[in-house]
Amino acid sequence: KGWNQEEAGAVPLPVVATLMPFLLLAQLLMHLRIPNPSGVFGAMAVLILMLLGLAGWLRLGALPLVGMAGAALVEHAWWAREGSGMSHPVIAVGWFVAIYGVFAIFPLVMRERMRGLRLPWVAAALGAVPAFHLVYRVVDWTWPNPVMGLVPVAFAIPVAMTFAWEAWRGAGEGVERLDWLDRLAWFGGVGLFLLTVALPIQFDHQWLTLGLALEGAALIWLATRVPHEGLRLVGVGLLGTTFVRLVLNPSVTDYAVRGAWPLWNWWLYSFGIAASAMFAGAWWLRSAGERIAIRNARAMLVTLGTILLFALVNIQVADFFTSEGAWVRFEFSGHFGRDMTYTIAWALFALALVVIGLNRDVTSCRWAGLGLLAVATGKLFLHDLARLDQLYRVGALMGVALVAIAASVLYQRFVARRAGGRQI
């Protein structure tokens, strides 16, 4: 009976020994200029084949994953040294694809020897990511073109084919089914990442942030087809990371100046897609299972999406009142039109929250709308009226008053009557 990665003491020494040659090659490439990588990458390929043979013989599932990581390190070390003055781009791309292919087909060829081991399949799936990154960099540097989004799509094809093959084969019960779900989760997740990153790469702006948002929503969707808890957990985590990058980033207004078209800008594109991904993820969590780490993940995603939309409303107001070619800044005084627009926009957003809360019978949404309406009203009386001319005071009062009346009528008609004596 062969070893496996769970046996005590079987893994640390082979893993450390495996990493050493890759580290030495990476150090060599960082200090020497080697325009043609065939010699170094050829030696690394021999090392990889020996490593995979050892993994199959001893059933050490960790070795393919360590080898994949070591190969990616060596390849990136060569790119860091030669990328800006690369003279053999075709050879480099060929090696990147070939080395990825070795790890991709290894668990398929050695299926029986790898039975019960998960890490070789993880290496086969994850290997597409560094290979895609390197090929994308080479293509972008050497052959820039208007269809760069096809690069991740090309790498998504073999990953998707492996996913389809494993899904078609199916699995049995117990441990075999868990291993099968793990394989589907890894290949499905990596494949969706490559597909979702193609869109923001093609459109160029904020590709990392939008890639995270689209991948998070796609992973949650995949969890409706492949019942794997890790997909939901990672999906929600990626969407949370997207929120942090957009809302808690103090430099978000420094990424672009005001364009020729007010309101039609990259903020609408980025915040709109990210918020849509939040709401889509919350929708798919209905059937994928909504509780992650004991908390209600659906409510969290809806809340984050709503905050993104509110931030977008404020950014759009600031953009509208900024001169073309200037940096967008948030200012809440000194311009009566802008001050009044902020107040009315907040009130309308609050009314929308109240209406949605009434329609979906969501108490927290109603209270959030009423709270924001109170803030808008307070801003109107404590800030705006002191700085607005007489005519604009009347306009601001009428606008906020109409919104407040509409909210109170709706609340009284659909909530107070229906609630009766119970607490809202």
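Hi everyone, this is a short tour of a few local features in one protein model.

A word on the source: this is a predicted model, where local features need pLDDT of at least 70, side-chain atom pairs count only at pLDDT 80 or more, and totals for chains, interfaces and linings use all residues. Residues are numbered from 1 along each chain as its sequence is written, and side-chain values use heavy atoms, with hydrogens and water left out.

Let's start on the surface. Ile-105, Leu-108, Val-109, Trp-165 and Trp-168 make up a nonpolar patch there, with about 570 Å² of accessible area together (Shrake-Rupley method, 1.4 Å probe, only the protein chains shown counting as cover). Nonpolar side chains are joined into such a patch within 5 Å, if their residues have over 30% relative accessible area and no salt bridge (a Lys or Arg side-chain nitrogen within 4 Å of a carboxyl oxygen of Asp or Glu).

Which helices supply at least two residues each? They are H4 (89–109) and H7 (150–169), helices being DSSP runs of H or I, at least four residues, numbered from the N terminus. H4 gives the largest share, three residues. On H7 sits Trp-168, exposed at a relative accessible area of 66% (exposed is over 50%, buried under 20%, partly exposed in between).

Now to a loop. Between H2 (38–58) and H3 (62–82) you'll find Arg-59, which is buried at 14%. Arg-59 has a positive phi of about 55 degrees, although it is not a glycine.

Last stop, H12. Asn-296 caps its N-terminal end, with a side-chain oxygen 3.1 Å from the backbone nitrogen of Arg-298. Thanks, everyone!

Terms used:
Patches are made of residues with over 30% relative accessible area and no salt bridge: like charges are joined within 9 Å, nonpolar side chains (Val, Leu, Ile, Met, Phe, Trp, Tyr) within 5 Å. Buried means under 20% relative accessible area, exposed over 50%, partly exposed in between (1.4 Å probe, protein chains only). A polar contact is a pair of N or O atoms within 3.5 Å; within protein, one must be able to donate a hydrogen and the other to accept it, and residues adjacent in sequence count only if both atoms are side-chain atoms.
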